[in-house]
Amino acid sequence: MEMQQIKFYQTATFTVGNRLLGEHERSVQANMRRTNSLNSGHRACQGCGEALGARYAIDAAMRASNSQLAAVNATGCLEVFSTPYPETSWQIPWIHSLFGNAAAVASGVAAAMRVKGREDVRVIAQGGDGGTTDIGFGCLSGMFERNDDVLYICYDNEAYMNTGVQRSSATPPAARTATTAAVGPAPGNVFGTGKNVPLIAMAHNIPYVATASVANLRDLEFKVTRAMGVRGARYIHIHVPCPLGWGSAPEDTIKVARLAVESGLFPLFEAEHGEIVNSTKIRRKVPVDGYLELQKRFAHLFSKPRDSARIALIQAMADHNIKRFGLLP
Amino acid sequence: MFQIRIHGRGGQGVVSGAEMMSVAAFIEGRHAQAFPSFGSERMGAPVMAFCRIDDKEIRLREPVLEPDALIIQDPTLLHQVDLFKGLRSTGYVLINSARGFDELGLNEFALGFRPSHLFTIAATELALKHVGRPVPNVPLLAGFAAITRQVALDSVLAAIREKFPAPIAEKNVAAAKEAFALATRPEISHA
Amino acid sequence: MLKQTEGSHAVAEGIALCRPEVICAYPITPQTHIVEGLGEMVKTGELANCEFVNVESEFAAMSVAIGASAAGARTYTATASQGLLFMAEAVYNASGLGLPIVMTIGNRAIGAPINIWNDHSDSMSMRDAGWIQLYAETNQEALDLHIQAFRLAEELSCPVMVCVDGFILTHAYDRVDVPSQEEVDRYLPPFQPRQVLDPSHPVSIGAMVGPEAFTEVRYLAHHKQLRALALIPQLSEQFRTQFGRASGGLLRTYRTEDADTIVVALGSVNGTIQDVVDEMRTEGNFIGSVSICSFRPFPLVALREAIKHAKRVVVLEKSFAVGLGGILSDGVRNSLSGVVLNGYTVIAGLGGRAITRTSLRQLFEDAARDELEQVTFLDLNADLVAHELAREAQARTTGPTAEALLRRLGIVASQIT
């Protein structure tokens, strides 16, 4: 057997791969036999956080379910860029119905699998923030309430991106979108609005709720795998930067996502039956400025004069998260 | 075809009364149709139900506008609603009341009809006595059977047993039997 | 087996015999009893191998049905009126995806004003959604049509709506013959989907289609319904042979062979019409009627054959196209292309107003003398209308119209019709 020199620096990074770990601890993406459920050739933008997140999430789910998986997709970027007629980049059974019904359609698929004695086939419903927090909210709550055996994954890029960057209930305060222009006395999205769907999911007391980010892909895979090990209604909310909609550089996607986590604006945690059981501590807290400055959708906060008041309000939101979720050791 | 119209208020079993009547006719091998007419869906609102009995298929779908028999489950409707509209002069009227037509202020009305076709029967009291609930539909159904002979008592009892679970069914059967007996007594309380 | 039972219950028993695998529905008057009946059967185990899903809205109901059907399960749901509109997007989606879902519509008027009683405005609102639409004349036919509907839907991969008049049929106790499980199994084989979500043969369903192929996809949907024109009579004939009674088909004629006046209608009102036809025939009138069962696809050729010899056609419909006239009338007019006869639209029974023999008798007599308007609203209270128009002409802020009409009409609880 060929002996390999151990290079210690490999074990201390967040890079995928890691040949020093056992098979099942290695990332799914590092595996030559990964299923590539979302195959190359799709039409996502350069640096698309959603494509990255979906690829990791679905392949992890495929490994966890022994490749017995069906996916239901809401209308949105993911659906559009992955199925440009007559091609599809999905290598799994996949259905797109409507914008607001992914959770309900998935409930239907799960019911069919149950009645046919094929409960080994697992069901994933997925959509963007628009299809989840707004128009899909009713169906989502219904699926949660019935505890249907569906894992719902929300790829949150904080606006209706596919239709041209309109505000959703996931759009953060002060963000510029096509329907919350950065003009007037209160530029960008209004403070004091918005929905926290992970907390709402927890309020349904479902077996598993988690937030994840493309900043930490190993953690994302781990959480999906964990979710697949449970039956019943499960929800994972993934923060996915959109270079086009956020006005960030395509090569900065992971960096921007990391800054959201490290500032406290996007807390990473897991909850079971309504109680938080785990949160990821911030290694090195950063002020929100670093995160905001990389995105043109917040540029109006930094034009002369600097909008200190609003930036302070955003900082307060981050600090509140840190306190609430115990993000600092 | 024999057409019956039942008047009452929501909660008095008007609709199930019509349904049981149709089941009784069905048991005898006849065709029957029973359907409700609701106002708003709430307790206490005036409710009507209709039943048609015939020896051939019933195709007609309009409400019973010219009843051959009227059953009035709630006398408080008497001077509020035009209950007798369309009633044929040979028609039967059965009113749920311990009082007679006279006391109910219907003497003048009764003049246009055959006295032997007009009856009152204390159905609520009978129901309370046997079943413990003031739902008069079953005694009235038995009274109807006695007076019009459109269905036999046995068919009514069979319909009751089909509708209710065993212990309650037997109590209703007792109420029905007493009502039937009362309605066939020669000196009955009719106008 | 003969039973005297409520229409909804008869339908529920019929559905249960079809071995549905997923049933999902949201309550709405007047279909509720159907789904309650089925729910109970599932809970007791009488209806085995069936998942009953309590959904949070009609939109969710059709969506769950879409998922279940796409995953290969025989799927059923039911709704009416507002509920049908609430699931409208999903209704189009189901037919666009070619999923053989069967749905009962307990025909009920659409508000505002809110109204729980029967007319055809709900199913008419979805007439062009690509679903096959069948109308039941009796409770027996309502039961039978669901059995035929699953067969039809699955053979064509096209969803089917079975329309049953709310209250008039759904809540009426009638004699029905409920077939045995063996009889239904012989007629309706297990569901074999054309497309299915299956990990061993993954497919992507529901892609976006642009101008390059959209027309073709839509044409194929139309073609499917045209094939249904042949399949519906076939299945009805097979049903007749196997179950021993006439049921379904494209349309049925009643004493039309030598009729000068022919009345065309959908659903339960045909029973009343036939009684009036018989009455008028005994007095020497040459009158007949056609009961259309398949509204979509519309039986243009069959209808033309049935009515072209008449002098006049009276279309009696429980629906109307606001600002235009009749909806059923449109289809009838289309079938008569090139034929010259007098056509009359009569809009009747809206919001549950009773259609009486007396009114119909008068109407048909007027028609026979060609003394009818092009479009008539049967039993319209002209005084009430005139009064309201005058009231509105006098001032600007006249308040809600419906409430004003009701106030003028007085206590309605005391009215028989």
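**Figure 1. Contact between chain B and chain C in the predicted model.** In this predicted model, 24 residues of chain B are in contact with 21 residues of chain C. On the side of chain C that touches chain B, strand E8 (173-177) and helix H10 (269-282) of chain C each supply at least two residues. The largest share of that side, five residues, comes from H10(C). By class, the residues that chain C presents to chain B comprise eight nonpolar, nine polar and four charged. Chain C has an average pLDDT of 95, and 98% of the residues score at least 70. For the complex, the predictor gives a pTM of 0.92 and an ipTM of 0.91.

**Figure 2. Contact between chain A and chain C.** Among the two pairs of chains that touch, chains A and C have the most contacts between them. Chain A contributes 37 residues to this contact and chain C contributes 38 residues. On the side of chain A that touches chain C, the elements that give two or more residues are E1, E2, H3 and helix H5 (137-146) of chain A. H3(A) gives the most to this side, with eleven residues. The side of chain A that touches chain C consists of 21 nonpolar, 13 polar and three charged residues. Chain A and chain B, by comparison, are joined by no contact, and their closest C-alpha atoms lie 28 Å apart.

**Figure 3. Strand pairing across the boundary between chain A and chain C.** E2(A) pairs with E9(C) in the parallel sense over two bridges. A:Trp94 stands opposite C:Ser204 in E9(C).

Figure 4. Seven strands of chain C form an open sheet of mixed pairing, in the order E3-E2-E4-E5-E7-E6-E13. The edges are strand E3 (51-54) and strand E13 (294-296) of chain C, each with a single partner strand, so one side of each is left without a neighbour in the sheet. From one strand to the next, the twist averages 20°. C:Gln133 here stands opposite C:Arg296 in E13(C). H3(A) packs on this sheet of chain C, touching strand E2 (22-25) and E3 of chain C, and the direction of H3(A) makes about 155° with that of E3(C). Helix H7 (residues 139-156) of chain C packs on the sheet as well, touching strand E5 (102-107), E6 and strand E7 (160-165) of chain C. The direction of H7(C) makes about 170° with that of E7(C).

**Figure 5. Packing of two helices in chain B.** Helix H5 (residues 153-163) and helix H6 (residues 166-184) of chain B pack with their axes 9 Å apart, at an angle of about 155°. H5(B) and H6(B) are therefore roughly antiparallel to each other. The crossing of H5(B) past H6(B) is right-handed. B:Leu153, B:Val156, B:Leu157, B:Ile160 and B:Arg161 in H5(B) meet B:Ala169, B:Asn172, B:Val173, B:Ala176 and B:Phe180 in H6(B). Eight nonpolar residues, one polar residue and one charged residue make up the contact of H5(B) with H6(B).

Methods:
Residues numbered from 1 in each chain as written. Chains lettered and ligands numbered in written order. Predicted model: local features only at pLDDT ≥ 70, side-chain atom pairs only at ≥ 80, totals over all residues. pLDDT = per-residue confidence, 0-100. Contact = placed C-beta atoms within 7 Å. Helix = DSSP H or I, 4+ residues; strand = E, 2+ residues; numbered from the N terminus. Nonpolar A, V, L, I, M, F, W, Y, C, P; charged D, E, K, R; others polar. Pairing = 2+ DSSP bridges. Axes fitted to C-alpha atoms, helices over the stretch in contact; angles between N-to-C directions. Parallel < 35°, antiparallel > 145°, perpendicular 65-115°, else oblique. Left-handed = near helix turned anticlockwise from the far one by under 90°.
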